[in-house]
Amino acid sequence: MAKNLLKIENVYFAFVKIDKPQKNKFDASGLLKEFGATVVLSKEQRKQFKEQKLNKTVKEVDTADFESKYKFAPPYPDQDEQYILQVTKKATYQDGNLKAEWTFPKAYFEKEGSIVLSNATLIGNGSFGDVRLELNYNEKLGQTNVSLDSVLIKRHIPYESKGDEWASAAGVPTYVEAPTPTPSTSHAPPADMDDDLPF
């Protein structure tokens with residue numbers, strides 16, 4: 001069965017967590033994990049997204065406060081606000097067991113005219129590209145829920161760690177070098193599912 005996807009092109013990313021599941025901060029049990037990404041939209045993209053009437057709120061952050069919160073310069077400095085869309089994808093069932101790996105979000109990278117898959121490559125704040133969102137209609141609640149399907153990174157900013165003052169003084173790099181993206185087949189769905197082409 002084909003997914004119902006919404007693609008938003010030319011967005012900026014922050015706090016992308018696709019390499020491994022993270023704890024769900026709203027889960028008191030500590031069992032639930034998820035993947036996630038913060039997507040920064042333009043004013044026009046925000047308007048188009050809201051017109052879809054999806055069960056997902058776009059947050060407004062004052063441009064003056066953006067850099068201190070998201071660790072890179074506001075992408076749209078001429079706007080009074082920056083528009084933030086936070087999307088996640090469940091990595092576990094309610095009992096804490098991991099879901100199948102092929103259901104996890106994927107990270108694609110443009111490299112020398114090709115698109116390669118590399119979920120292990122860390123994505124730093126300020127990276128630029130496209131995002132695909134999976135839409136699932138809940139008949140009982142009468143709403144369409146949104147989850148993270150995949151990202152396509154067109155301009156990659158390497159992930160920077162918080163650093164270590166002693167390591168910096170010793171000349172040790174305080175950021176994680178991003179490995180060269182390489183094709184991967186570890187996220188292939190079962191053969192009987194539709195083969196969705198990346199972007």
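What follows is a set of questions and answers on this model.

Q: What kind of model is this, and how are residues numbered?
A: This is a predicted model, in which local features need pLDDT of at least 70 and side-chain atom pairs count only at pLDDT 80 or more, while totals for chains, interfaces and linings use all residues. Residues are numbered from 1 along each chain as its sequence is written, and side-chain values use heavy atoms, with hydrogens and water left out.

Q: What makes up the secondary structure of the protein chain?
A: The protein chain has three helices and eight strands, and along the sequence they follow the pattern β-β-α-β-α-β-β-β-β-β-α. Helices (H or I, at least four residues) and strands (E, at least two) are DSSP runs, numbered from the N terminus.

Q: Why is Thr38 called buried?
A: Buried means under 20% relative accessible area, exposed over 50%, and partly exposed in between (1.4 Å probe, protein chains only). Thr38 has a relative accessible area of 4%, and therefore counts as buried. This residue lies in strand β2, residues 33-41, and, leaving aside neighbours within four places in sequence, Thr38 is in contact (heavy atoms within 4.5 Å) with residues including Tyr12, Phe13, Tyr70 and Ile84. Of the 199 residues of the protein chain, 39% count as buried.

Q: Why does Lys23 count as exposed?
A: Lys23, in strand β1, has 65% relative accessibility, which is over 50%, so the label is exposed.

Q: What makes Lys17, Lys20, Lys23 and Lys33 a patch of positive charge?
A: These four residues gather on the surface, and Lys counts as positive, as does Arg, whereas Asp and Glu count as negative and His and the chain ends are not counted. A patch is made of residues with over 30% relative accessible area and no salt bridge, where like charges are joined within 9 Å and nonpolar side chains (Val, Leu, Ile, Met, Phe, Trp, Tyr) within 5 Å. The largest share of the positive patch, three residues, comes from strand β1, residues 5-23.

Q: How do you know that Lys3 and Asp149 meet in a salt bridge?
A: A salt bridge is a side-chain nitrogen of Lys or Arg within 4 Å of a carboxyl oxygen of Asp or Glu; for Lys3 and Asp149 the N to O distance is 2.7 Å, so the pair qualifies. The pair links distant parts of the chain, with Lys3 in the segment before β1 and Asp149 in strand β8 (residues 143-155), 146 residues apart. Asp149 is buried at 5% relative accessible area, while Lys3 is partly exposed at 32%.

Q: What links Arg132 to Lys3 and Asp149?
A: Lys3, Arg132 and Asp149 are linked in a network of salt bridges. Arg132 lies in strand β7, residues 128-138, and its relative accessibility of 8% is under 20%, so Arg132 counts as buried.

Q: Why is the pair of Lys154 and Asp130 called a salt bridge?
A: The N to O distance between the side chains of Lys154 and Asp130 is 3.0 Å, which is within 4 Å, and the pair therefore meets the definition. Lys154 is in strand β8 and Asp130 in strand β7, 24 residues apart. Lys154 is partly exposed at 29% relative accessibility, whereas Asp130 is buried at 3%. In total, the structure holds six salt bridges.

Conventions: Accessible areas come from the Shrake-Rupley method with a 1.4 Å probe; for residues, only the protein chains shown count as cover. The place of a charge is taken as NZ of Lys, CZ of Arg, CG of Asp or CD of Glu.
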